[in-house]
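Hi everyone, thanks for making time for this.

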Amino acid sequence: MDNTIEYYNKNAEQFVQGTLSVDFTATQECFLSKLSVGTCILDFGCGSGRDTKYFLDKGYQVEATDGSAELCKLASEYTGICVKQMLFEELNECEKYDGIWACSSILHLDKRALKDVLKKMVAALKANGVVYTSFKYGDFEGERNGRYFVDFTQETFGEFIREVPELQIEEYWITGDVRPGRGEEKWLNLILRKSDIH
């Protein structure tokens, strides 16, 4: 994870420029359609702050975090809220959020850490809460271009999520990368729902 955070600290400006202007409305609206207006969202690994700002502008309460100090600074400036610097593993809330937005963020964890973080996300969600998350589509796990990635297909993620029985896959869809020149890259998008296990 250290290399990944280092990467974002070094390339923060460039990363923000590459993601800020991307139109992500369809996915943002799909997530918001699962939530009541004005409810509380955690933007978990918010990067440029693009989605935080979108949700704020739509009238939601948003808290945003990122592991990179540089990205926190830029995202705070862009969104007008204080973005908290923290690692995914440091999430320690209890039934606070109606939704957690983890867009292209928790894919930087290895599988063991990811499982633990998903359990922390479950704890932080209110009953029936919703998660949006996305992973590069495939079966690679390891370092790529200076960052750590774990990729999934719908089958491999379906198997993986069985180890976190409180989260159910409600919807998934596969998209091309929305950034210019990256269309050949595929993404697995997931809506997960916290369910009561009895």
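**Helices, charges and a surface patch**

H2 passes H5 in a right-handed crossing. Before we go further, keep in mind that this is a predicted model. To place those two helices for you, H2 covers residues 12-20 and H5 covers residues 69-79. Their axes are 9 Å apart, and the packing angle is about 45 degrees. That angle makes H2 oblique to H5.

Now turn to H3 and H4. Their axes are 11 Å apart, with an angle of about 55 degrees, so this pair is oblique too. The crossing of H3 and H4 is right-handed.

Let's move on to charges. Side chains of opposite charge can pair when their charged atoms come close. How many salt bridges does a search of the whole structure find? The count is 15, and I've picked a few to show you.

Let's begin with Lys-58 and Glu-29, whose side chains meet in a salt bridge at 3.3 Å, N to O. Lys-58 sits in the loop between helix H4 (50-57) and strand E2 (61-66), while Glu-29 belongs to helix H3 (residues 25-32), so the pair ties together parts that are 29 residues apart in sequence. Both ends are partly exposed: Lys-58 has a relative accessible area of 40%, and Glu-29 has 31%.

Next, please find Lys-34 and Glu-171. Here the closest N and O atoms of the salt bridge are 2.4 Å apart. Lys-34 is in the loop between H3 and strand E1 (40-44), and Glu-171 is in strand E8 (residues 167-176), so this contact ties together parts that are 137 residues apart in sequence. Lys-34 counts as partly exposed at 22% relative accessibility, and Glu-171 is partly exposed as well, at 29%.

Glu-141 forms a salt bridge with Lys-111, with the closest N and O atoms 4.0 Å apart. Glu-141 lies in strand E6 and Lys-111 in helix H6 (residues 111-124), so the pair ties together parts that are 30 residues apart in sequence. Glu-141 counts as partly exposed, at 34% relative accessibility, and Lys-111 is also partly exposed, at 34%.

While we're on helix H6, have a look at Leu-114, which is placed there. Is Leu-114 buried or exposed? At 0% relative accessibility, Leu-114 counts as buried.

Tyr-137, Ile-169, Tyr-172 and Ile-174 make a nonpolar patch of about 340 Å². Where does Tyr-137 sit? You'll find Tyr-137 in the loop between strand E5 (125-136) and strand E6 (141-144). Tyr-137 is partly exposed, with a relative accessible area of 32%.

That's my tour, and I'm happy to go back to any of these views.

Terms used:
Residues numbered from 1 in each chain as written. Predicted model: local features only at pLDDT ≥ 70, side-chain atom pairs only at ≥ 80, totals over all residues. Heavy atoms only, no water. Patch = residues over 30% accessible without salt bridge, like charges linked within 9 Å, V, L, I, M, F, W, Y side chains within 5 Å. Areas by Shrake-Rupley, 256 points an atom, 1.4 Å probe, with all protein chains shown as cover. Helix = DSSP H or I, 4+ residues; strand = E, 2+ residues; numbered from the N terminus. Buried < 20%, exposed > 50% of the residue type's maximum accessible area, 1.4 Å probe, protein only. Axes fitted to C-alpha atoms, helices over the stretch in contact; angles between N-to-C directions. Parallel < 35°, antiparallel > 145°, perpendicular 65-115°, else oblique. Left-handed = near helix turned anticlockwise from the far one by under 90°.
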